[in-house]
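Here is a colleague's note to read with the structure open beside you.

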Amino acid sequence: MNLKIVKIAVLCISIGCVTTADAQEEKISPRIDLSFHQTEQAAPYILVNVRKRIDRRYYPMSGIPVEISLQSNDEQHQIGTVISNADGKAKAVFPDNLKALWESLTEAEFYGSVAASDSTDEADETLMVSHGRLTIVAEDEHVLKAKVERKTEEDWEVVPEVELKFFIKRYFGKLPIGEDFYTTDESGEAELEWEGTIPGNEKGDIELGCWFEDNEEFGTISALTVQKWGVPLVDDNKEFESRTLWATRDKTPYWLLIFPNLIILGVWGIIGYLVFQIIKIKKLQNQP
């Protein structure tokens with residue numbers, strides 16, 4: 001009898017060990033990807049992408065908190081903790097207290113870390129970025145010149161052989177202009193001659209820019225400039241002030257008001273006439 005109890009205990013322990021091992025194997029090891037982004041109009045930020053690998057394919061992981069820091073993992077250098085969205089992505093914008101540190105660096109190292117949990121293992125990732133800048137100016141009519149520079153201990157130095165693109169900023173994204181890409185020369189500059197026409201605002205202003213994406217040394221940097229190279233927008237509201245189909249509700253055409261109402265009155269008139277006839281029939285049936 002005691003031998004049976006021992007066997008049952010050993011079997012239970014074995015099953016427990018297998019269950020624990022399976023539970024440990026079910027924990028997911030997330031993969032973190034970091035990328036640096038900077039524009040002239042906004043603070044730099046780190047774009048985080050969290051994924052998991054299943055059957056040799058990567059899938060986004062949502063709801064994963066990722067801690068991002070600059071130069072070291074201590075609290076003073078923490079950019080922030082972000083949580084990945086449904087696409088596995090999150091955005092960590094530089095806080096004001098780290099802007100001075102970033103401006104003083106020639107190279108920066110960013111850290112991304114995920115703490116271990118019941119369902120995930122811990123994960124870490126680092127990103128090295130050189131401190132660069134991109135400027136764009138309009139020197140002559142319809143001539144744009146972009147310049148790429150790298151920060152050094154003394155000043156800024158030009159960077160040749162950088163591929164960048166020119167664009168016009170529109171409501172739904174960047175409209176490419178010129179060639180597919182341009183490469184900076186020995187002076188770190190690239191030039192675009194553009195003579196196209198495109199609608200602007202009331203003054204003819206359009207936002208022109210250039211950018212390079214996922215550069216191995218600098219990340220993604222873009223720059224913008226506003227020029228009066230667009231066709232001024234003419235605000236012609238005469239058609240909207242008249243009674244047309246595309247006008248506002250209070251400018252509905254008279255015929256569209258009259259005919260539908262006549263049809264409605266006609267339908268209700270027929271219904272009323274039928275009801276009246278039914279009542280008459282019932283009265284006639286009740287007569288002796």
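1. Helices (H or I, at least four residues) and strands (E, at least two) are DSSP runs, numbered from the N terminus. In those terms the protein has four helices and 16 strands. Residues are numbered from 1 along each chain as its sequence is written. The model is predicted, so local features need pLDDT of at least 70 and side-chain atom pairs count only at pLDDT 80 or more, while totals for chains, interfaces and linings use all residues, and side-chain values use heavy atoms, with hydrogens and water left out.

2. On confidence, pLDDT is the predictor's confidence in each residue, from 0 to 100. The protein averages a pLDDT of 86, and 89% of the residues score at least 70. Over residues 17-24, however, the pLDDT is below 50, and this stretch has zero contacts in the model beyond near neighbours in sequence, where contact means heavy atoms within 4.5 Å. Where pLDDT is low, the predicted coordinates should not be read in detail.

3. For the protein as a whole, the accessible surface comes to about 19700 Å², of which 54% belongs to carbon and sulfur atoms; such areas come from the Shrake-Rupley method with a 1.4 Å probe, and for residues only the protein chains shown count as cover. Of the 288 residues, 31% count as buried, a word that means under 20% relative accessible area, with exposed over 50% and partly exposed in between (1.4 Å probe, protein chains only). Among the contacts with a separation of 6 or more, 51% come from residues 24 or more positions apart.

4. A nonpolar core is a set of buried Ala, Val, Leu, Ile, Met, Phe, Trp, Tyr and Cys residues joined through side-chain atoms within 4.5 Å. The largest one here has 25 residues, and those with the most contacts inside it are Ile 46, Val 48, Val 66, Ile 79 and Phe 110. Several strands each supply at least two residues of this core, including E1 (31-39), E2 (45-54) and E7 (107-114). Apart from it lies another core, of 24 residues, among them Ile 136, Leu 164, Ile 168 and Ala 190.

5. Which strand is largely enclosed by the rest of the structure? It is strand E16 (residues 219-227), because seven of its nine residues are buried. Two strands pair if DSSP finds at least two bridges between them. Strand E15 (residues 206-215) is joined to E16 by eight bridges and runs antiparallel to it, and the two form a hairpin with three residues between them; in this pairing, Glu 207 has Val 226 of E16 as its bridge partner. E1 runs parallel to E16, with three bridges, and Gln 38 has Ile 221 of E16 as its bridge partner.

6. Strand E10 (residues 143-151) contains Val 143, which counts as buried because its relative accessibility is 11%. Val 143 and Glu 191 are 48 residues apart in sequence, yet 7.1 Å apart in space, C-alpha to C-alpha. Leaving aside neighbours within four places in sequence, Val 143 is also in contact with other residues, including Leu 192 and Trp 229.
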